[in-house]
Amino acid sequence: YVRFHLISPLIQQSAENIVLFDTFVNILSHNLGEPAYEADVAQLEYKLVAGEYGLIIRVKGFNHKLPLLFQLIIDYLSDFSFTPAVFEMITEQLKKTYYNILIKPETLAKDVRLLILEHGRWSMIDKYQTLMKGLSIDALSAFVSAFKSQLFVEGLVQGNFTS
């Protein structure tokens, strides 16, 4: 089991940054779909999670091929690229996801409660409005470059691994 948390102070600076981060993680997951398929068949699991303060990379499975899968994820992260069609597809999916959260009373109530309790939190309404105003491809590229330049990394490796 390998878990790394790539933390960046950039994410919580604005609602736009949070939306750009969500877009980035979804595009990264989309890009990894085909190359990581063979790992999935070989019973290796991975998950990319857009956490509140950074990207969480979780990888688990048999130890002899786990580093290769982790390296694949890191390679796609470091050489991040996307097409305008993928960008449009992911932003449309995010609009639906945000809207579905807003129309469910229990998730909206949780969001409002956390907005009241946590200092500096951006509401789902802020994120949805930011996304509806529109994001640019250039803004995403600039965000990803800034994100990768301002990272703190925490990691946990468990299991049958050598140092």
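## Aromatic cluster, core and pocket

Phenylalanine 80 is buried (under 20% relative accessible area, with over 50% exposed and partly exposed in between; 1.4 Å probe, protein chains only), with a relative accessible area of 13%. The model is predicted, so local features need pLDDT of at least 70 and side-chain atom pairs pLDDT 80 or more, while totals for chains, interfaces and linings use all residues. Residues are numbered from 1 along each chain as its sequence is written, and side-chain values use heavy atoms, without hydrogens and water.

The structure holds nine aromatic pairs. Rings of Phe, Tyr and Trp (its six-membered ring) pair if their centres lie within 6.5 Å; planes under 30 degrees apart are stacked, over 60 edge-to-face and the rest tilted. Two of the pairs are set out here.

| Pair | Centre to centre | Angle between planes | Type |
|---|---|---|---|
| Phenylalanine 80 and phenylalanine 82 | 5.6 Å | 45° | tilted |
| Phenylalanine 143 and phenylalanine 147 | 6.2 Å | 20° | stacked |

Phenylalanine 143 and phenylalanine 147 are four residues apart in helix H7, so about one helical turn separates them. Helices (H or I, at least four residues) and strands (E, at least two) are DSSP runs, numbered from the N terminus. Phenylalanine 143 is buried, at 4% relative accessible area, and phenylalanine 147 is buried at 0%. Ring pairs link Phe143 and Phe147 with Phe21, Phe24, Phe80, Phe82 and Phe87 into a cluster.

Phe147 also belongs to the largest nonpolar core, which has 39 residues; Phe24, Leu55 and Phe147 touch the most other members. Such a core is a set of buried Ala, Val, Leu, Ile, Met, Phe, Trp, Tyr and Cys residues joined through side-chain atoms within 4.5 Å. H1 gives the most to this core, with nine residues. Beyond its neighbours within four places in sequence, leucine 55 is in contact (heavy atoms within 4.5 Å) with residues including Phe4, Phe21, Leu77 and Phe147.

On a 1 Å grid over the protein atoms alone, a pocket is an open set of points where a 1.4 Å probe fits, with protein on both sides within 12 Å along at least five of seven lines; lining residues have an atom within 4 Å of a point. Of its 18 lining residues, Ile18, Asp22, Ala50, Glu52 and Lys127 are the closest to the centre. H1 supplies the largest share of the lining, five residues.
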